[in-house]
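The sequence and structure come before the discussion.

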Amino acid sequence: MSRRKPISTGSDWTFELLEQYDQEIARIAKEKFKLDTYPNQIEVIRSDQMMDAYASVGMPVSYNHWTYGKKYVSTEKNYSRGRMGLAYEIVINSDPCIAYLMEENSMTMQALVIAHACYGHNSFFKGNYLFRTWTDAEAIIDYLVFAKNYIAECEERHGVDAVESTLDSCHALMNYGVDRYQRPVPISAEDEKVRQKEREHYIQTHLNDLWRTIPDTHKQIDEPKRVNFPEQPQENILYFVEKSAPHLEPWQREIVRIVRKMAQYFYPQRQTQVMNEGWATFWHYTILNEMYDEGLVTDAFMMEFLTSHTNVVAQPEFDSPYYSGINPYALGFAMMTDIRRICENPTDEDKRWFPEIAGADWLETLHHAMKNYRDESFVEQYLSPTVIRKFRFFALEDNEYKSTIDVTAIHDDEGYRRVREVLSQQYNLSANEPDIQVHSVDVRGDRSLTLRHHQHNGRPLNDETTEVLKHLRRLWGYDVRLESLKDDQRSWTFATND
Amino acid sequence: MPYIIDRRLNSKNKNTVNRQRFLRRYRKQIKKSVSEAIGRRSITDMDRGEDVSIPKDDVNEPVFGHGQGGERNFVLSGNKEFSKGDKIQRPPQSEGGGSGEGEASDSGEGDDEFVFQISQEEFLEFMFEDLALPNMVKRQLADSSEFKMVRAGYSEAGSPSQLNVVRSLKSAHARKIALGGKNRRRRKELRLELEALIEPLSDKQEIRKAEIVAEIEVLSRKLNAIPYIDEFDLKYNLTVKLPQPSPKAVMFCLMDVSGSMTEDIKDTAKRFFFLLYLFLKRNYEKIDLVFIRHHNTASEVNEHDFFYSRETGGTVVSSALTLMDEIITDRYPPSQWNIYAAQASDGDNWQGDTEQCVELLNEKILPCVQHYSYIEIGKRPPQELWYSYKEIQSGIFSDRFDLKAVQDNSQIYPVFRQLFERGVK
């Protein structure tokens, strides 16, 4: 390909340059690599605005709550002390896709960030099945605005403290406010306002029925038939609270719903960290290299870019003081790159392990992987012996009944499968988070709520459990108990009435 | 095409509200930090931000999670020497089974405190929260120096800068309708009639047409002659001056700088006044401060000399009170001013002078002040001055006289709060 004139040479950026780089990156991303994205909205911000964005977990609009203030003060402190750098970019899963660029970045970094966020993450948001099913990029901003206004209105009417304590309780249960298996109804701010009124009315009448206290003499005669309520265990605790808690005010139900929707929106992100970052990193690397091959960027640009890229994908070893778990950027990037290698230059080993993709079209294979997997299944499916060797992964078993920690597998023929399996489970949210479900309500007695925890590999709950139950009690209005079951035997009970 | 938006000029501190919420929630802990900091700091850097630390447990938001125990399988990177079947001794308790999942590493730093910084503004806010000068009265309601401009509707006359464009154009529009309405209606009728005439026309109709055209022309000329905007239309925003009742206040700071005042005691006294100074400067836009220091003679000094310069000598407390009385008579007539005074001393006084002090206070000063506070500093038992002042407190001016003993720097802030707590007399 004929080499062209570089777009720019200095390290300073201007808005014209941003536009030119974006054009070239877009051309390569779309025409050459078939990345399908939402339209981009690039916003240049200052570092303190970046801290703002951090504090509100990347949401461009969010309701007011002290926990965001807490995040802000701690970010501010760490940043001003030089203990942490800020991310170069934050990107929001919305349509148009909003990406924040920091003004301090050099031209090279801005180009990297545009490729990474506006084409990498953006196409992932648009393509991956989890995001497609669980989030609604088009409606999210409107919904956030609705939520913010609604909560502000509640604060005006019912006082900041009442709203704050309701939110605290909801936040404690946020991870248990998602439907894991059932596809949620798409959200829309417009409908939301209308539906909210109807909902308030309906739920209130429905509840009265559920908690009817005047004894029905007829029914009492054929008492023996006990109905369990809820009929099926409920995994979505917040949903259950919203629909069935007897004493919540209508506005509190709406707040529970808002937090639940928020949790649902972030649920896919929590399950696709490795893939999402790996995908974005792979593309900024590939696109910028392509630009270099076309002569659009200079050697100096590439040097700066590679330095920064290398830092991003560095994986400290487990005994290093910098080790803090497996770096999702490193693993994701290594796996994406490896898939391309397997497609283009498969070894005999690859042919044995990945007969279906060895020698296939790499671009198609990668797009397929991006669209149809999440971290857990992605690792299970695509983690190759090459990558395991590269990271020198090893699997350990920590059993409280043994005096030692045992090495169960390392990077050798015998161990690849085991390492892959254990690593894959490490990204399985339902194994990482305790399995807790609503089990029953003592409808005829003290109306207490019982949750059940099914232990995974005998792992107990942490010390905060009772605190969380207190929050649930606040929402439910009556005592709450939690039974922790080991192999279907009850091993502990937590309760709020002690 | 992407949108590239420059948001750098957008408002700062989108998170101010959240930050305020956070500070509000942990107000008790922050207040404690602030009051400790005040005891610790030197007076030269009393007014800057402060690091506040709160036990991590207090700010923790609980969630369900796994605890230690059971069986855990995990993968680490960077194997060097292990092979399958190796058994590794558990690391000593605390960290449990290694930090496989990233969460563990946070707590690995051993930080039990959540530390953050509050700004100077917030620091002072917490420092002086709920404090106010007692018995403040609004005097001098007719004091002509204070005005507030208030909107008072619209006026026909005014300066061009006050012109209200919307009102003026509305009025012009109304005038045009009023003046031209009849003619415009007539012209509309004629135009309709003209349209109704269809070719070919009879002679009679031709004549009629000519008439109509002529009349329309006349009407149009009339309508055009109505001016678009007239002087008559102009409307101006009207603002009027309202006299503002303003509470005028003066604070007298009296400090003993005699030889018996050791550097430590002086430092404590200065801290007290410095707090007072910051408090007044921050809370009252208009307040006069008078600094009087004395040994055997008293002099009025500026704030810099008051806080930072040294001088020693004997002690005659009444000299300061006399000077204060003179200044009141000269410059601050009690009918117009709220007068406050605070005095700090180690309690020493020249023999025989104390009586004169009590007399001065009872006769001249206390009748015209809103509040007078005295702090005695030092670890010694109370001195003569203290006992005499104690009597004043139980006398007829008990509502406006208060005294407190302070031993060292750490007590300054609590005592300061006691003296100026809102709602306390």
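Which residues in α1(A) meet which residues in α4(A)?

## Packing of α1(A) and α4(A)

The model is predicted. From α1(A), the residues are A:L17, A:L18, A:Y21, A:D22, A:I25 and A:A29, and they meet A:M107, A:Q110, A:A111, A:I114, A:A115 and A:Y119 in α4(A). By class, this contact has 10 nonpolar, one polar and one charged residues.

Helix α1 of chain A covers residues 15–32 and helix α4 of chain A covers residues 107–127; they pack at an angle of about 40 degrees, and their axes are 10 Å apart. Because of that angle, α1(A) is oblique to α4(A). The crossing in which α1(A) passes α4(A) is right-handed.

## Packing of α4(A) and α13(A)

α4(A) also packs with helix α13 (residues 299–312) of chain A: the two axes come within 9 Å and cross at roughly 60 degrees. That angle makes α4(A) oblique to α13(A). The crossing of α4(A) and α13(A) is right-handed.

The classes in the contact of α4(A) with α13(A) are four nonpolar, two polar and one charged residues.

## A sheet built from both chains

An open sheet of four strands runs in the order β2(A)-β3(A)-β1(A)-β1(B), with mixed pairing. Its edges are β2 (89–92) of chain A and β1 of chain B; each has a single partner strand, so one side of each is left without a neighbour in the sheet. From one strand to the next, the twist averages 20 degrees. Helix α4(A) packs on this sheet, where it touches β1, β2 and β3 of chain A, and its direction makes about 160 degrees with that of β3(A).

Within chain A, β1(A) and strand β3 (residues 97–102) run parallel and are joined by six bridges. One position in this pairing is A:I45, which stands opposite A:M102 in β3(A). Between the chains, strand β1 (residues 40–45) of chain A pairs with β1(B) in the parallel sense over four bridges. Here A:E43 has B:I5 in β1(B) as its bridge partner.

## Pairing at β4(A)

Strand β4 (residues 394–399) of chain A pairs with β3(B) in the antiparallel sense, over six bridges. In this pairing A:E397 stands opposite B:N73.

β4(A) also pairs with strand β5 (residues 404–409) of chain A, antiparallel and over four bridges. A:L396 stands opposite A:V407 in β5(A). Four residues lie between β4(A) and β5(A), which form a hairpin.

Is A:F393 buried or exposed? A:F393 has 26 other C-beta atoms within 10 Å, and a residue counts as buried at 20 or more, so A:F393 is buried. Its place is in the loop between α18 (385–391) and β4 of chain A.

Apart from neighbours within four places in sequence, A:F393 is in contact with A:I388, A:H411, A:V419 and A:L423, and also with B:V75, B:S77 and B:N79. The C-alpha atom of A:F393 is separated by 9.6 Å from that of A:E317, which is 76 residues apart along the chain.

## The contact between the chains

The contact takes 80 residues from chain A and 53 residues from chain B. On the side of chain B that touches chain A, β1 (3–6), α1 (16–25), β3 (71–76), β4 (87–89) and β5 (113–118) of chain B each supply at least two residues. The residues of that side divide into 18 nonpolar, 19 polar and 16 charged.

In α1(B), the buried residues are B:N18, B:R19, B:R21, B:F22, B:L23 and B:R25. The buried residues of α1(B) pack against elements of both chains: α2 (47–55) and α3 (66–80) of chain A, together with α2 (27–40) and α5 (120–127) of chain B.

## Chain B as a whole

Chain B has 13 helices and 13 strands. Of its 425 residues, 26% are buried. Among contacts in chain B with a separation of 6 or more, residues 24 or more positions apart account for 81%.

Key: Residues numbered from 1 in each chain as written. Chains lettered and ligands numbered in written order. Predicted model: local features only at pLDDT ≥ 70, side-chain atom pairs only at ≥ 80, totals over all residues. Axes fitted to C-alpha atoms, helices over the stretch in contact; angles between N-to-C directions. Parallel < 35°, antiparallel > 145°, perpendicular 65-115°, else oblique. Left-handed = near helix turned anticlockwise from the far one by under 90°. Contact = placed C-beta atoms within 7 Å. Nonpolar A, V, L, I, M, F, W, Y, C, P; charged D, E, K, R; others polar. Pairing = 2+ DSSP bridges. Buried ≥ 20, exposed ≤ 12 C-beta atoms within 10 Å, placed from the backbone.
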